[in-house]
Amino acid sequence: MHESSLCPVQSKIHCIFESKVEPVPSTKRHGQNYKVVASNILSQHAVGIEKIEKHVTEKIDGTCCYVYSCNGKSYLYARFDRKPTKPVEKKLRQYFAKHNRWERDGKEGEEPTFQMNYNTDLKSVPEEWIPAKLIKRDEENFPIPGRNGHTPGWVPISSDTKQYSWHHTVVEEERLLVVRNNSSADTTSLEIVDLSFSQLSEQTFELVGTSINANPYGLGSKDQPFHFLVQHGSITIDLPSTQIEYDQLKSWFTSDDCKVEGLVWHYSNGKMFKLHRHHMDLKWPLPDKSGSTLSQKSIVVRMQEHNIAHPSKLFEDLRNLNGRAFATLHELSNSLNVGKKDNEKEN
């Protein structure tokens with residue numbers, strides 16, 4: 001798959017099926033007394049896409065990042081949603097309760113609505129904040145918040161070095177640590193590489209690893225955390241069928257071959273759709289985190305040699321393993337831990 005076919009994530013991605021609300025506690029969001037799952041009806045946003053060229057990739061469980069270029073220089077940005085104020089959040093919860101009842105009652109009567117004022121209803125954001133590029137705007141060019149009242153956007157990781165400390169571990173001067181499909185082998189294997197910001201400009205990623213989302217891939221440890229970036233749309237998946245049918249997909253998700261959080265469909269017209277385990281009322285992370293599909297892929301270390309005044313420890317550790325192939329990503333993660341322990345013994 002050519003890199004030009006990758007779709008950066010700059011707006012909300014719809015579930016490929018129409019969603020429905022069930023009046024039972026969510027297994028994904030603590031304290032939410034309802035859950036949203038997929039129906040077996042193709043999403044209205046996906047009608048007519050059957051004949052459009054597409055590829056399917058693994059939905060990676062991490063935190064979203066963006067390489068933003070400004071005035072000839074590129075920076076790593078973290079996802080930062082602009083959210084409603086506390087009073088407006090309360091009104092939103094009341095609105096959602098009414099809307100969920102309306103849906104459960106068969107959509108009888110007028111649909112409940114809620115209108116937000118961009119100037120008064122949203123919390124302030126850091127000065128460096130920028131809205132996601134594909135967010136719709138009103139007649140005054142203000143970004144329009146999504147149904148949940150959030151406006152997806154980005155802030156540079158330099159804006160809060162403590163909050164974004166794990167983001168900084170994948171940056172060494174003007175290079176980023178990336179896991180991707182092996183460029184010189186079949187697409188089932190991976191490589192870990194350091195790439196320049198200029199190679200990744202305007203692309204979006206998931207930051208994955210030890211301290212992200214309760215470490216769903218079982219990587220690293222408290223003493224030797226392991227983090228890296230995965231470009232959106234870069235880890236391809238071959239499904240047993242090209243048909244988008246609920247029963248077939250749920251059967252695949254529950255098979256022994258499927259140990260992924262979800263899927264993302266990338267269409268040549270720029271549209272994207274997703275489906276994850278929670279949509280199908282299935283658990284994630286899996287009980288055996290290190291047994292996930294991503295963790296069990298083979299991987300080769302391909303780092304560039306650089307003369308750097310203040311090298312990153314993680315980059316240096318990986319350069320010491322340069323050229324080595326590992327049976328699994330999890331084995332590479334363990335080797336970093338072993339290397340740390342060996343160094344401690346020598347000292």
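Visitor: Hi! Is Tyr-246 buried or exposed?
Guide: Tyr-246 is buried, with a relative accessible area of 15%. Keep in mind that this is a predicted model.

Visitor: Why does 15% count as buried?
Guide: Because buried means under 20% relative accessible area, and Tyr-246 has 15%.

Visitor: Which helix is Tyr-246 in?
Guide: Tyr-246 belongs to helix H3, which covers residues 246–253. The buried residues of H3 are Tyr-246, Leu-249, Trp-252 and Phe-253.

Visitor: Where on the helix do those buried residues fall?
Guide: Looking down the axis of H3, they fall within an arc of 130°, so they line one face of the helix.

Visitor: And what covers them?
Guide: The cover includes strands E2, E3 (35–42), E14 (262–267) and E15 (272–276).

Visitor: Let's talk rings. How are Phe-17 and Tyr-246 arranged?
Guide: Their ring centres are 5.7 Å apart and the planes are at 70°, so the pair is edge-to-face. Phe-17 counts as buried, at 3% relative accessibility.

Visitor: How many residues apart are they in the chain?
Guide: They are 229 residues apart, and the pair links distant parts of the chain: Phe-17 is in strand E2 (residues 17–22), while Tyr-246 is in H3.

Visitor: How many aromatic pairs does the whole structure have?
Guide: A search finds 11 aromatic pairs. There is also an aromatic cluster formed by Tyr-66, Tyr-68, Tyr-77 and Trp-154.

Visitor: What lies over the face of Tyr-118?
Guide: That would be Arg-82, at 5.0 Å from the ring centre.

Visitor: New topic: how many residues are in the largest nonpolar core?
Guide: The largest nonpolar core has 50 residues, and Leu-76 and Leu-332 have the most contacts inside it. Leaving out residues up to four places away in sequence, Leu-76 touches several others, including Tyr-66, Val-171, Phe-197 and Leu-229. Apart from this core lies another, of 22 residues, among them Ile-16, Ala-46, Leu-249 and Cys-258.

Visitor: So what does the chain look like overall?
Guide: Its secondary structure comes to five helices and 17 strands. The C-alpha trace spans about 75 × 45 × 40 Å along its principal axes. For 347 residues, a compact globule would have a radius of gyration near 20 Å, and the chain's 21 Å agrees with that.

Visitor: How much of the chain is buried?
Guide: Of the 347 residues, 48% count as buried.

Visitor: And what share of contacts comes from residues 24 or more positions apart?
Guide: Among contacts with a separation of 6 or more, such residues account for 66%.

Key: Residues are numbered from 1 along each chain as its sequence is written. This is a predicted model: local features need pLDDT of at least 70, side-chain atom pairs count only at pLDDT 80 or more; totals for chains, interfaces and linings use all residues. Side-chain values use heavy atoms; hydrogens and water are left out. Rings of Phe, Tyr and Trp (its six-membered ring) pair if their centres lie within 6.5 Å; planes under 30 degrees apart count as stacked, over 60 as edge-to-face and the rest as tilted. Helices (H or I, at least four residues) and strands (E, at least two) are DSSP runs, numbered from the N terminus. Buried means under 20% relative accessible area, exposed over 50%, partly exposed in between (1.4 Å probe, protein chains only). A charge sits over a ring if NZ of Lys or CZ of Arg is within 6 Å of the ring centre and within 35 degrees of the ring normal. The arc is that of the directions from the helix axis to the C-beta atoms. Contact means heavy atoms within 4.5 Å. A nonpolar core is a set of buried Ala, Val, Leu, Ile, Met, Phe, Trp, Tyr and Cys residues joined through side-chain atoms within 4.5 Å. The radius of gyration is taken over C-alpha atoms; the globule rule is 2.2 Å times the number of residues to the power 0.38.
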